[in-house]
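Welcome, and please load the model in your viewer. We will begin with the whole chain and then pick out single residues one after another.

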Amino acid sequence: MKYDSIASVDKPVSRVAQGTTMVTTKDIDGSFALLDAAFECGITLFDTAHVYAGGDCERALGAWVRERGVGDNVVVLDKGAHQHEDTKRVTPADIASDLNDSLERLG
């Protein structure tokens, strides 16, 4: 695995990221197995988003990070402020709201 650095992130970051759209609390064993396998391959960057499965992907990823004790070794790339069909949500209030929701779900 190749690693790079990100300014202000004091740990190596894998150049390959594992997405989490398929990670769910409804199949926590399967989700943990996938995340474990990715981590064992050297992946330290995990991509998720505020809108994935209504936040369930964040909950499952956060549970894995806590249960496995890998918080010091992984980087979570999370996205938010996704617009709705009738609202553009790239505002400071919407970004702050999504960030707080995501942090709560990730634990």
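Helices here are DSSP runs of H or I with at least four residues, strands are E runs of at least two, and both are numbered from the N terminus. Keep in mind throughout that this is a predicted model.

**Stop 1: the whole chain**

Switch to a cartoon view and colour by secondary structure: the protein chain has three helices and five strands. Trace the chain from the N terminus and you will pass the elements in the order β-β-β-α-β-α-β-α. With a radius of gyration of 14 Å, close to the 13 Å given by the globule rule for 107 residues, the chain is as compact as a globular protein of that length. If you draw a box along the principal axes, the C-alpha atoms fill roughly 40 × 35 × 20 Å.

**Stop 2: surface and contacts**

Now show the surface. The protein chain exposes about 6500 Å², and carbon and sulfur atoms supply 54% of that area. Of the 107 residues, 36% are buried. Next, colour the charged side chains: there are 11 positive and 18 negative ones, and the centres of the two sets lie 3 Å apart. How much of the contacts with a separation of 6 or more comes from residues 24 or more positions apart? The share is 67%.

**Stop 3: Asp-98**

Select helix α3, residues 92–106, and find Asp-98 within this helix. Is Asp-98 buried or exposed? Its relative accessibility is 3%, and since buried means under 20%, Asp-98 counts as buried. Show the side chain of Asp-98 and follow it to the backbone nitrogen of Ala-81, which it reaches at 2.7 Å. Then display the partners of Asp-98 beyond four places in sequence: His-50, Gly-80, Ala-81, His-82 and Arg-89.

**Stop 4: Ala-49**

Move on to strand β4, residues 45–49, where Ala-49 sits. Ala-49 has a relative accessible area of 0% and is therefore buried. Which residues does Ala-49 touch, not counting those up to four places away in sequence? Select Glu-58, Asp-78, Lys-79 and His-82 to see them. Finally, draw a distance from the C-alpha of Ala-49 to that of Leu-77: the two are 7.9 Å apart in space and 28 residues apart in sequence.

How values were computed. Residues are numbered from 1 along each chain as its sequence is written. This is a predicted model: local features need pLDDT of at least 70, side-chain atom pairs count only at pLDDT 80 or more; totals for chains, interfaces and linings use all residues. Side-chain values use heavy atoms; hydrogens and water are left out. The radius of gyration is taken over C-alpha atoms; the globule rule is 2.2 Å times the number of residues to the power 0.38. Buried means under 20% relative accessible area, exposed over 50%, partly exposed in between (1.4 Å probe, protein chains only). Contact means heavy atoms within 4.5 Å. Accessible areas come from the Shrake-Rupley method with a 1.4 Å probe; for residues, only the protein chains shown count as cover. Lys and Arg count as positive and Asp and Glu as negative; His and the chain ends are not counted. The place of a charge is taken as NZ of Lys, CZ of Arg, CG of Asp or CD of Glu. A polar contact is a pair of N or O atoms within 3.5 Å; within protein, one must be able to donate a hydrogen and the other to accept it, and residues adjacent in sequence count only if both atoms are side-chain atoms.
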